[in-house]
Amino acid sequence: MSTSSAIIGWKNLTLGCAILEPGSSRKLKTGEWRSQHPVLDKEKCIKCAICYIDCPDIAYSQNEEGYFIADMTYCKGCGICANECPKDAITMKMEEE
Amino acid sequence: MIEQDLKNFQKITQKSLPTFEGLAQGHRACQGCGEVLALRQVMKALGPDTIAVSATGCMEIITSSFPQSAWNIPWLHVAFENVAAVASGVEAGLKAQMRKGSLPEKKIFIVATAGDGGTADIGLQALSGALERGHNFVYVCLDNEAYMNTGIQRSSATPYGASTTTSPSGKHSIGQNTWKKDMPAIAVAHRIPYVATANPAYHVDLMNKVQKAKLINGPAYLHIYSSCPTGWRHEIDKAVEISRMAVESRVFPLYEVIDGRYVLNRNVKKPISVADYFKPQRRFRHLRPDDIAHIQARVDADWEALQQKVALTNPASPEPEAVSNKKEE
């Protein structure tokens with residue numbers, strides 16, 4: 001369960017409760033919140049990076065072929081990418097499908 | 001002066017989006033949050049040499065649930081009212097340390113982020129002081145038009161007619177019964193070098209404005225529209241679409257004020273109606289046609305006033321700069 005990554009003993013607290021590790025929220029796998037996920041049709045994709053820049057969860061990254069692929073560990077399934085894709089190359093599918 | 005500050009300005013285009021991420025994955029924002037999207041784009045344009053100061057608000061609670069942090073850059077959380085004061089302190093402290101030689105000479109950008117409550121209501125006095133003192137920092141107001149983090153209470157930036165939990169619509173109430181506070185105009189009144197409004201639906205425009213704001217010496221104020229699926233009660237995949245509709249209906253015009261000169265970034269020649277903009281948002285569902293006509297008249301008058309300001313401050317009146325990232329049809 002994701003909450004186990006957020007338990008810390010008082011002996012491990014830093015001075016002023018400062019968080020010394022940048023970007024440590026990566027330990028929380030927000031993909032668990034998802035009820036639907038984006039599916040990319042590479043035939044239609046023009047690699048325009050609209051999905052990448054419009055993703056609030058920073059899930060998209062470019063692969064070696066130049067396609068932008070969503071990381072399912074962090075994608076919350078909001079569907080902005082599917083809604084904004086100029087070529088309708090992204091469709092949202094329910095999780096169980 | 002400003003031309004000199006902007007001589008290293010390199011325009012960001014859709015082909016040359018910055019790869020840097022100031023925020024990390026795993027933040028606790030709601031699905032389809034338009035505010036964290038705007039913040040992410042701001043941080044991308046600011047780059048790694050940045051110190052961020054956040055007031056209380058959505059962006060603070062979602063990025064810093066102890067013991068984790070979603071920030072890849074040095075970050076300070078402060079109270080609701082003093083974000084601009086703390087950012088001024090950080091700026092003055094760095095300046096003093098560099099002068100004494102205890103810190104190597106380096107350009108470090110300071111950004112203060114707050115929501116509309118932290119800017120227009122609670123933090124206004126500290127912001128006014130910081131703008132007046134002329135500290136070299138960027139102030140970013142992420143305007144989601146109510147106190148969303150505590151449960152959708154009205155703020156002075158809530159638009160007329162919106163239903164919130166403290167201005168509920170009903171038989172004897174239209175919802176919010178006052179007009180939205182014009183924060184950019186208050187910032188302009190301080191005669192600071194740079195004020196701009198931006199919108200995450202026009203991300204290239206937004207990132208270029210952040211770049212200008214960080215390069216210009218002196219305070220810069222950015223007012224960024226950020227939609228909120230939870231508070232505005234719209235579909236979770238519509239955040240960017242509604243942001244675009246806000247510009248296309250002239251409700252949230254995109255402009256910048258460089259040393260008092262107004263530049264309209266997107267001249268909306270054929271606006272969509274305010275009713276179309278209200279339709280996907282359930283906070284406006286109770287409005288009757290005559291209420292919407294009343295709001296439409298106000299939006300038209302505000303647009304006319306903005307046009308006049310542009311004409312007044314640009315004697316030669318050059319063509320407005322086009323925003324390049326319009327969605328392909």
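Author: A nonpolar core is a set of buried Ala, Val, Leu, Ile, Met, Phe, Trp, Tyr and Cys residues joined through C-beta atoms within 7 Å, where buried means that 20 or more other C-beta atoms lie within 10 Å of a residue's own, exposed means 12 or fewer, partly exposed is in between, and C-beta atoms are placed from the backbone. In this model the largest nonpolar core has 110 residues, and the members that touch the most other members are Val83(B), Ala87(B), Ala112(B), Tyr139(B), Val140(B) and Leu222(B). Helix α2 (residues 34-46) of chain B gives the largest share of this core, eight residues; helices (H or I, at least four residues) and strands (E, at least two) are DSSP runs, numbered from the N terminus. This is a predicted model, in which local features need pLDDT of at least 70 and side-chain atom pairs count only at pLDDT 80 or more, while totals for chains, interfaces and linings use all residues. Residues are numbered from 1 along each chain as its sequence is written, and chains are lettered from A and ligands numbered from 1 in the order in which they are written.

Reader: Which residues does Ala87(B) touch, leaving out those up to four places away in sequence?

Author: Two residues are in contact if their C-beta atoms, placed from the backbone, lie within 7 Å. With that exclusion, Ala87(B) touches Val53(B), Ile110(B), Ala112(B), Ala130(B) and Phe137(B).

Reader: How should I read the sheet, and in what order do its eight strands lie?

Author: Two strands pair if DSSP finds at least two bridges between them. Here the order in the open sheet is β2-β1-β3-β4-β8-β7-β9-β10 (chain B), and the pairing is mixed. Its edge strands, each pairing on one side only, are β2 (75-77) and β10 (261-264) of chain B. From one strand to the next the twist averages 15°, given that axes are lines fitted to C-alpha atoms, for helices over the stretch in contact, and angles run from 0 to 180 degrees between N-to-C directions. Helix α12 (residues 289-313) of chain B lies across β9 (255-258) and β10 of chain B and runs at about 125° to β10(B).

Reader: What are the pairings of β1(B) with β2(B) and with β3(B)?

Author: Strand β1 (residues 50-54) of chain B is parallel to strand β3 (residues 109-115) of chain B, with five bridges, and Thr50(B) stands opposite Phe109(B), while Ala52(B) has Val111(B) as its bridge partner. Towards β2(B), three bridges join the two strands, again in parallel, and Val53(B) stands opposite Leu76(B). Because four of its five residues are buried, β1(B) is largely enclosed by the rest of the structure.

Reader: Is β8(B) mostly covered or uncovered?

Author: Strand β8 (residues 220-225) of chain B is mostly covered, six of its six residues being buried. Ala220(B), Leu222(B) and Ile224(B) point one way, Tyr221(B), His223(B) and Tyr225(B) the other way, and all are buried. Six bridges in the parallel sense link β8(B) to strand β4 (residues 138-143) of chain B, and five bridges, also parallel, link β8(B) to strand β7 (residues 194-198) of chain B. Tyr221(B) has Tyr139(B) opposite it, and Val195(B) stands opposite Tyr221(B) as well.

Reader: How would I describe chain A, and why is it more spread out than a compact globule?

Author: Chain A has two helices and four strands, following the pattern β-α-β-β-α-β along the sequence. Its radius of gyration is 17 Å, well over the 13 Å that the globule rule gives for 97 residues, so chain A is more spread out than a compact globule; the radius is taken over C-alpha atoms, and the rule is 2.2 Å times the number of residues to the power 0.38. The C-alpha trace of chain A spans about 55 × 30 × 20 Å along its principal axes, and buried residues make up 34% of its 97 residues.

Reader: How many residues of each chain are in contact with the other?

Author: The contacts involve 32 residues of chain B and 31 residues of chain A. On the chain B side, α2 and α10 (239-248) each supply at least two residues. That side has 14 nonpolar, 11 polar and seven charged residues, where Ala, Val, Leu, Ile, Met, Phe, Trp, Tyr, Cys and Pro count as nonpolar, Asp, Glu, Lys and Arg as charged, and the others, Gly among them, as polar.
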